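Dear colleague,

I am handing over the structure below, and I would be grateful if you could look through it with the notes that follow it. They start from a single residue and then widen to the helices and the chain.

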Amino acid sequence: WFIKNPNTEVPFILFFLMGLWLFLKSLKKNNLSLIFLSGFILSLAALVRAIGFLIPFILAILLIFLLKEKLLKTKILLAGLMIFGAVLAILPWEIYVGRFIPVSTSGPASVLDGLTYALVAGAAGDKAGVPADVLQLMTRIKDANLKSSAAIFSFSLDELTSQPLPILKLIGLKVTRSWYATSQKWWEGKILLGQLVYLLSALAGIWLAFRKSFRR
């Protein structure tokens, strides 16, 4: 389905899975020469879709905890090597534009779209279902006319201290929507039921992997 469409998911998934595969292969085979290449390829994924920007940095931090038998100096060196590979992939883009800018520049407008997604209907008029208090929160966000990241952060902090439940629900929905949401809000409830099968099997696999690791 993806391959026949000219969507960014195709190259993103290719680079993302390839980078993760190299990272895991490097740890499993204890061949840490692939760490640099893993960071480089994961940053190529970030150049396709900015959502992957922090992945190599998170994995570099995780690397320090996963390499239990290595010296701390070696761990930091390898984490730095991975980050260097990630930065090297993005560097030509930064040099081309002549100044340091993020991989994505949509900024506050994109954040506001994400925080008020249930207020906007899809092309066929479908809307995402959210609890009434979350819908009221989205309306308050829209009416506040927030123009900067600082204003969004300040508003969110005020909501979190005065009415924490709606904003915590919104954060939870944003995290879980990556498993079932569609751009046009189509069939989201039914998709969620289907995705739960994969999510539960993934959680079971993670639990078994950690259990096996702790037994060693």
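Ile-167 has a relative accessibility of 10% and therefore counts as buried, where buried means under 20% relative accessible area, exposed means over 50%, and partly exposed lies in between, with a 1.4 Å probe and protein chains only. Before going further, please keep in mind that this is a predicted model, in which local features need pLDDT of at least 70 and side-chain atom pairs count only at pLDDT 80 or more, while totals for chains, interfaces and linings use all residues. Residues are numbered from 1 along each chain as its sequence is written, and side-chain values use heavy atoms, with hydrogens and water left out.

Ile-167 lies in helix H8; helices (H or I, at least four residues) and strands (E, at least two) are DSSP runs, numbered from the N terminus. Leaving out residues up to four places away in sequence, Ile-167 touches Leu-137, Ser-156, Glu-159 and Leu-160, contact meaning heavy atoms within 4.5 Å. The C-alpha atom of Ile-167 is separated by 9.7 Å from that of Leu-115, although the two residues are 52 residues apart along the chain.

Ile-167 also takes part in the packing of H6 against H8. These two helices pack at an angle of about 95 degrees, with their axes 9 Å apart, the axes being lines fitted to C-alpha atoms, for helices over the stretch in contact, and the angles running from 0 to 180 degrees between N-to-C directions. That angle makes H6 roughly perpendicular to H8, because angles of 65 to 115 degrees count as roughly perpendicular, those under 35 as roughly parallel, those over 145 as roughly antiparallel and the rest as oblique. On the H6 side the contact is made by Asp-133, Val-134, Leu-137, Met-138 and Ile-141, and on the H8 side by Pro-166, Ile-167, Lys-169, Leu-170 and Leu-173. By class, the residues of this contact divide into eight nonpolar, no polar and two charged, where Ala, Val, Leu, Ile, Met, Phe, Trp, Tyr, Cys and Pro count as nonpolar, Asp, Glu, Lys and Arg as charged, and the others, Gly among them, as polar.

Helix H5 (residues 107-115) has Leu-112, Gly-114 and Leu-115 as buried residues. These residues cover an arc of only 160 degrees around the axis, which puts them on the same side of H5; the arc is that of the directions from the helix axis to the C-beta atoms. The buried residues of H5 pack against helix H6 (132-143), helix H7 (149-162) and helix H8 (164-177). Pro-108, which also lies in H5, is partly exposed, with a relative accessible area of 23%. Apart from its neighbours within four places in sequence, Pro-108 is in contact with Lys-147, Ser-148, Ser-149 and Ile-152.

Residues of H1, including Phe-12, Phe-16 and Phe-23, meet residues of H2, among them Ile-41, Leu-42 and Val-48. By class, the contact of H1 with H2 has 15 nonpolar, three polar and no charged residues.

Most residues other than glycine have a negative phi. Asn-145, in the loop between H6 and H7, has a positive phi near 55 degrees, and Trp-187, in the loop between H8 and helix H9 (188-215), has a positive phi near 50 degrees. With a relative accessibility of 59%, Trp-187 counts as exposed. Ala-181, which is also placed in the loop between H8 and H9, counts as partly exposed at 32% relative accessibility.

As for the chain as a whole, there are nine helices and zero strands, and the C-alpha trace spans about 50 × 50 × 45 Å along its principal axes. Of the 216 residues in the chain, 27% are buried. Among the contacts in the chain with a separation of 6 or more, 54% are between residues 24 or more positions apart.
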